[in-house]
Every structure is written in C-alpha cells, then in structure tokens.
Amino acid sequence: MMKRRLSPMKTQEWLWGYIFVAPLILGIAVFYMWPVIQTFYFSFTEWGAFNKYSWSGLKNYERLLQDKVLWGAFRNTLVFVVWSVPLTVIFSIIVAALLNQKVRGLTIYRTLYFLPVVTMPAAVSIVWKWLYNGDYGFINYILSFFHIQGPTWLSDPKFALYAVIVVAVWMAIGNNMIILLSGLQGISSSYYEAAELDGAGPFYKFFNITLPLLTPTIFFVMVMQLISAFQMFDLIFMMIGDKSIAIESAQTVVFIFYKYAFLDNAKGYASTIAIVLLVVILIITAIQMRLQKKWVHYE
C-alpha cells in the first residue's frame, strides 16, 4: 500500500508545529529527562573522595532494603502525606467556596489567603518557629489561658512532624484556592438557577452541583498536592534541622536523600533513594489516574 504524500502546505504546517514545540521539548529533555537518566545510572555507583565514583551493581539497592532509618523516613513521609493532602484539599475547597461569594472586600480576602504562597519558606519558618516556641511562643501563651502547659512543639518527637504539617497545610491553601476558584467560576450558573426553581437550598446546591462539577479540578489539586507532599523537605530542614532530637521522628525521604547526598557524600546511595521515591510517586499517581473514573465527573 502506497503512503499518502503530504501536500507542501501541510508539510509546512507540520514543520512550524515542530519548531514551536521544540524549545519546550528541549527544555524537558535537558532539565527533566537527562537528570532522571543520570540519577538512575548513579544509583548503581559508589562515590569516594573528590567525587570519583565506580560501578557497584545492585549494592545500593541491597543496602536500601536493610536501612531502618530510611524506612522510618518512609513512614514519616506517609504520615505527612496522609494528614497534609486531605486537610489541604478540604480547607482549600472551603476557602475557595467562601471566596466565590459576592461579598465586599473580596479582593482583599483573596490576597490575604494567597500571601503565604508568595512569601519565602524561610520567612514563614522563622515566624512559625516563634509561634511554636515552648518558652515564649504565642501558641503556648494562648494555651496558658486555659491552664494548659504546651509542649516544645518542634523539639518534641511526638509533635514535631504534626507541627510542620500544620504549616505545610497553611502554606498550600492559597495556591490550591486559586486553582479551585477558577474551577468554581467555570461552572455554569444555569445549574444553580434550575436548582433554585426546584427549591434547592445552599447545602443541596453545594453537595449536588458544586462538588460533582468541581471534581476534575479537585482531582488535579489532589495529584499535585500528593506529589508535593512526597517531596517535602524545606520546612523540615528550616523548622527542625538535622541537629534536633526530634529529627528522627520527623525526617522525610527527601530529607534523608539530602543527608546522604550532601552531608555523607554517598551520592550513589542517595540516587537509589531518589529513584525509589520516583517509582513510588509514579505508582501512586497511576493508581489515582485509574481511580478517577469512579469519582471524577466531566461535563
């Protein structure tokens, strides 16, 4: 069977199409794909002084299976994901729904909720470290009115991780709120007008119209938030630090990766951890993509 030849005009359209997407493809290849390939290769190497490395086969993967500290970090990461993702999504939906109403000063409210997104994590960490301070922190000061002795939040192994989760949720709401707000404003008003004709109240409209039609946006937010939660590092590094007695109960997988790669110069083993984390995120994202057919509704 003879192949159909493209007309000169069609060939020119294809050529321009490839020219326009070439910078994007090049950027993805250089800044995303090549580092992944390099990391996968380094996961089979052992590093020594002066950044010299040698092939070590599956030695790093065998070490990973016996590393109790790493599995502890995986447990902490899972706790962080299980708490932070649902809380962030739920609070983001509530805030977005409230800010989708026609009230005075709406722009100010939206700006206030978005401020944590544009604030540097270092500045946020400093403020929250003061709030969490066990001796003169604002939170323990408030608790003292109820005759409650607050703990040293960031130094207590029982509370450190959960204290960071609160800050992570607070920081993530603004960004997700903007995405959900755009989803809310994309819902046609005709659905609400028809529901009002049938005598539907605000709660009925929210749970039977707003939430089902918002599920594509909620799904996107959930996927992005879950990936971000698995990669948590900066808040733990800045709020708890690697010298704290609470770090063992709060360190995540990315924090362990940092310690092995940059403090212990075990870049080969750190690359193995990065690859395993990448696989875990890919599997969970694939499961989410599979399950979305059961609860995401597209108009």
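Predicted model: local features only at pLDDT ≥ 70, side-chain atom pairs only at ≥ 80, totals over all residues.

Reader: Let's start with E13: is E13 buried, exposed or partly exposed?

Author: E13 is partly exposed, at a relative accessible area of 46%. Buried means under 20% relative accessible area, exposed means over 50%, and partly exposed is in between, using a 1.4 Å probe and protein chains only. Residues are numbered from 1 along each chain as its sequence is written, and side-chain values use heavy atoms, with hydrogens and water left out.

Reader: Thanks! Which side chain does E13 meet in a salt bridge?

Author: That of K10, with 3.9 Å from N to O. A salt bridge here is a side-chain nitrogen of Lys or Arg within 4 Å of a carboxyl oxygen of Asp or Glu. K10 is partly exposed as well, at 38% relative accessibility.

Reader: How far apart are K10 and E13 in helix α1?

Author: They are 3 residues apart in α1 (residues 8–42), which means about one helical turn separates them. Helices (H or I, at least four residues) and strands (E, at least two) are DSSP runs, numbered from the N terminus.

Reader: How many salt bridges are there by this rule?

Author: The count is 3. Another one joins K59 and E46, whose closest N and O atoms are 3.4 Å apart. K59 belongs to helix α2 (residues 59–66) and E46 to strand β1 (residues 45–47), so this pair ties together parts that are 13 residues apart in sequence. Both ends are partly exposed, K59 at 47% and E46 at 38% relative accessibility.

Reader: And what about K205 and E196?

Author: Their side chains also meet in a salt bridge, at 2.9 Å from N to O. K205 is buried, with a relative accessible area of 15%, while E196 is partly exposed at 46%.

Reader: New topic: how many aromatic pairs does the structure hold?

Author: There are 28. Rings of Phe, Tyr and Trp (its six-membered ring) pair if their centres lie within 6.5 Å; planes under 30 degrees apart count as stacked, over 60 as edge-to-face and the rest as tilted. Take F42 and W47: their ring centres are 5.3 Å apart and the planes sit at 80°, so this pair is edge-to-face. F42 is buried at 17% relative accessibility, and W47 is buried at 17%.

Reader: Why is the F255 and Y258 pair tilted?

Author: Because the planes of F255 and Y258 are at 55°, with the ring centres 6.1 Å apart. These two are 3 residues apart in helix α11 (residues 253–263), about one helical turn. F255 is buried at 0% relative accessibility, and Y258 is buried at 19%.

Reader: Nice. Which residues do ring pairs link into a cluster?

Author: The cluster is made of F40, Y41, F42, F44, W47, Y53, W55 and Y61.

Reader: What about the largest nonpolar core, and which members touch the most others?

Author: That core has 68 residues, and L70, F80, Y132, V167, L235 and I273 touch the most other members. Helix α7 (residues 160–185) gives the largest share, 14 residues. A nonpolar core is a set of buried Ala, Val, Leu, Ile, Met, Phe, Trp, Tyr and Cys residues joined through side-chain atoms within 4.5 Å.

Reader: What does F80 touch?

Author: Leaving out residues up to four places away in sequence, F80 touches V85, L161, V164, I165, A168, A229 and M232. Contact means heavy atoms within 4.5 Å.

Reader: Last one: where is W130, and is W130 buried or partly exposed?

Author: W130 sits in helix α5 (residues 121–132) and is partly exposed, at 42% relative accessible area. Not counting residues up to four places away in sequence, W130 touches Y136, G137 and F138.
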